[in-house]
Amino acid sequence: MTSPDLRGRTVVVKVPATSANLGPGFDTLGLSLALYDELEVSVRDQPGATVEVTGVGEGEVPTDESNLVVRAIAHTFEAVGVPLPGLNLRARNSIPHGRGMGSSGAAIVSGIMAAKGLLEGVVDLDAQQLLALANDMEGHPDNVAPALFGGLTIAWVTPEGPRFKKLIVHRGVSPLVLVPEHVMSTALARSLQPQSVPHEDAVFNVSRSALLVAALIQSPELLHAATEDKLHQSYRASAMPETDRLITLLRENGFAAVVSGAGPSILVLGSDPSQRLAAAKLVEEAAQTRWQPLMLAVDFKGATVTRVEPVQQEAATTHSDTPVA
């Protein structure tokens, strides 16, 4: 493809945090949460990329072409056969890193959505293509689908590529994420998984994951029973003992508590706002280390990208948020 002239183009991207697995829905279910990373990307004349980071990751993440967001932009441009222009990036991050809230997935989605915005009018990328591009880099569609599309997502893989279904969460569902000071390696968490599990445990999780979908979209009163799991959390408990101890305590007191993603954060799915307040108080009193309670809404919109038109003379800049789906 002939190199298009993208000079002067600027886009602003907003991507939500996520919580994957949700207990029994291992590598399948994901929930989008109203905590956001924001990104501004501008095309420049000089080749290469510079990255300015404020908030989470400031002074820690790479600020050159090795940055994960830049790599996601480059991956998208390469996939559609368009040469990558020079870029200036400004990231304002709020999603905690290494805590099981989808920070790496959000970075990948940020880059792909930025590329989508920059390529507007040159190449059109639909929802299925965006998911495929994100899955190429992340490897697990359940980690990126809720960031892309919002709400509750069911993700699966076919010979033709990853697929998803978005569902709207019942308005009574009130998420609480309890975030510790320590981090957890996703690779380490996955290494603790056995290659096979007992047949009865597999059947147990099939029933609970089906029930969980019903609980999240229709019957929040079933969330405690629906979040039981025998497939992955117990195997990872040794790597995050404080997470395991607090989840056990919360569940014994009637709260639908699970590991958020690969951990070590804890997701509590309250059936009303007062329930998550009680859960946060219980953890504050029982925790041996500091845990930050984040009382978040479910994000229904997913990632958005806005083309920022250059201001000419006294004309105002216009914004038009466009969700993926």
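I began with what surrounds helix α4. Its buried residues pack against β1 (10-20), β2 (29-44), α2, α3, β5 (152-158) and β6 (161-167). I note here that the model is predicted.

**Entry 1: α4**

How many of the residues of helix α4 are buried? I looked up residues 141-149 and found nine of the nine buried, so α4 is largely enclosed by the rest of the structure. I wrote down the buried residues: P141, D142, N143, V144, A145, P146, A147, L148 and F149. I then stepped past the end of the helix. Just after α4, G150 takes a positive phi of about 80°.

**Entry 2: α2 and α3**

Both α2 and α3 are among the elements that the buried residues of α4 pack against, and I turned to this pair next. Helix α2 covers residues 103-118 and helix α3 covers residues 127-138. I read an angle of about 140° for their packing, with the axes 10 Å apart. That makes α2 oblique to α3; the cut-off for roughly antiparallel is over 145 degrees. The crossing of the two is right-handed.

Which residues of α2 and α3 meet? From α2 I listed S104, G105, I108, I112, M113 and K116. Facing them from α3 are L130, L133, A134, M137 and E138. Sorted by class, this contact of α2 with α3 has seven nonpolar, two polar and two charged residues.

I kept a reminder on spacing. An α-helix has 3.6 residues a turn, so residues three or four places apart point the same way.

**Entry 3: α9 and α10**

I moved on to helix α9 (residues 241-252) and helix α10 (residues 273-286). Their axes come within 11 Å and cross at roughly 135°. α9 and α10 are therefore oblique to each other. The crossing of α9 past α10 is right-handed.

Which residues make the contact? On the α9 side I found R245, L246, L249 and L250. On the α10 side I found A279, L282, V283 and A286. By class, the contact of α9 with α10 has seven nonpolar residues, no polar ones and one charged.

**Entry 4: N93**

Last, I checked a residue in a strand. N93 lies in β4, which spans residues 86-93. Is N93 buried or exposed? Its relative accessible area is 15%, and buried means under 20%, so N93 is buried.

What is N93 in contact with? I left aside its neighbours within four places in sequence. The contacts of N93 are then D37, V53, T54, G55 and V56. One of these, D37, falls in β2 (29-44).

Methods. Residues numbered from 1 in each chain as written. Predicted model: local features only at pLDDT ≥ 70, side-chain atom pairs only at ≥ 80, totals over all residues. Heavy atoms only, no water. Axes fitted to C-alpha atoms, helices over the stretch in contact; angles between N-to-C directions. Helix = DSSP H or I, 4+ residues; strand = E, 2+ residues; numbered from the N terminus. Parallel < 35°, antiparallel > 145°, perpendicular 65-115°, else oblique. Left-handed = near helix turned anticlockwise from the far one by under 90°. Contact = heavy atoms within 4.5 Å. Nonpolar A, V, L, I, M, F, W, Y, C, P; charged D, E, K, R; others polar. Buried < 20%, exposed > 50% of the residue type's maximum accessible area, 1.4 Å probe, protein only.
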